[in-house]
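Dear colleague,

Please find the structure below, handed over for your records.

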Amino acid sequence: MSITRIIRPFFNARLKAIGRYETEAKDIQLGVLARLLADAAGTQWAAAHRYAPGMDYDRFAERTPISTYDDFKDDIDRMRRGEADVLCKGRVKWYAKSSGTTNDKSKFIPVSARYLRDTHYAGGTDAVALYLRNNPKSRLFDGRALILGGSHAPNYNLPHSLVGDLSSILIENINPLVNLVRTPSKKVALLSDFEEKRDRIAAVASRQNVTNLSGVPSWMMAVLNRVIELTGKPICEVWPNLEVFFHGGVAFTPYREQYRRLIANPGMHYMETYNASEGFFGLQDDPADPAMLLMIDYGVFYEFIPLEDVGMPEAQAVPLWEVETGRNYAMVITTTGGLWRYMIGDTVRFTQTDPYKFVITGRTKSFINAFGEELIVDNAERGLQAACAATGAQVKDYTAAPVFMNDRGSCRHQWLIEFDRPPQSLETFAEKLDQALQTLNSDYEAKRYKNLTLQRLEVIAAPKGLFDLWLKSKGKLGGQHKVPRLCNDRRIMDEVLGMM
């Protein structure tokens, strides 16, 4: 008897509620906002901003400023020191150490017990529900789930209060029933040394019947390669029943071909999730569509700022029901975890409404616009995909930055790329990448016209392991940490180049 068949009806029950997204999105989101405002009663934040019972969206927006982490950090620090009823009701014991950036400044996002339940774990449940809907013959629960996690540490030495990667918080608090089908053990999963963790996971999991994977593509790939090294066998032989990889944290495009090579199973499935330190926001509900479904009935109320208005004093956010397809927006969230009109730094573009589906296009601080070219991460990922298709190359990791004008007015973009499979000609790869970016981005194309403003980009091949070495030097190897893709200055580029 298949365990998956027994469990499947539990997940099917959720599909009807998700079906309401298509026709009731505005009502659902207004209901979420009403719950958030009701729950805020008695908090210092609600008192300071004069929240009232039954307050409508317009009044909420009028009384609540759009904020960044710097606006919240003093309140969050008081919460971390044990103060109750600050941004949300009660005391918050858990704080996700944000890995949205890789500089030395950390962010600590409150993760209340309620937010764990109504958002993060709800997203995990729905990921399974949608996957099972799309795969009626799945045997997902008939084997083990290999789930990668980060690590945590004491928070100001307060009893039972911890800070760490969101993944470590999820593993620490997960339903004990999930541990029956999860690998590795909690002790191994929460190790702080990623290299030791990778080796121990590979040693244990290679002897188990693993049917599904969950984690960040870059770090999961390190585990899979270690499994191959230890066993001397391809992944399909080690885990013949492996059927799906639930991935998130970084764009999957640069890794797609490498995973197809590592897991040479035509029946293998891949499902993207958007689970950040700040919340669980989206799921790929259709395997044929890379866009994700915005999950609108969790503990998150959404607003969006047109990307071109970000940073402007008059910038206005619009609620979900006023967004337009095909336009880039910076995402603003209000959550049961105590973030109020918080701009998380991610940018998205909606591909459809009813239901609302979107793609992540980058970060508000991850772009190159040194010369008016407005290059965003979405352009970079698609440009690399085109260059790889044209040259047979495979990219493992990369970062890019501007080379500013010299005394002759010469300037360009510089790309540092670690290849999993290098192209035969780096010059050809650079040419194909440059051509693709011109096709994808009219501003870049205009600046490249006859080399008058911007010269052709430069590609430098990084030695194997360079980016891991840089992350390790920052104490950020493993977990959800990642290399910044596009930077508008040369600080990170020069740091990494200095290690070559």
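A disulfide is counted here as a pair of cysteine sulfur atoms within 2.5 Å. The model is a predicted one, in which local features need pLDDT of at least 70 and side-chain atom pairs count only at pLDDT 80 or more, while totals for chains, interfaces and linings use all residues. Residues are numbered from 1 along each chain as its sequence is written, and side-chain values use heavy atoms, with hydrogens and water left out.

By that criterion the structure holds zero disulfides. The closest cysteine sulfur to that of C411 belongs to C487 and is 18 Å away, so the two are too far apart for a bond. C411 is buried (under 20% relative accessible area; exposed is over 50%, partly exposed in between; 1.4 Å probe, protein chains only), with a relative accessibility of 0%. C487 is likewise buried, at 9%.

Turning to the sheet, helices (H or I, at least four residues) and strands (E, at least two) are DSSP runs numbered from the N terminus, and two strands pair if DSSP finds at least two bridges between them. Four strands form an open sheet of mixed pairing, ordered β2-β1-β5-β4. Its edges are β2 (108–111) and β4 (152–154), each of which pairs on one side only. β4 and β5 (residues 162–164) run antiparallel and are joined by three bridges; P154 stands opposite L162 in β5.

With kind regards
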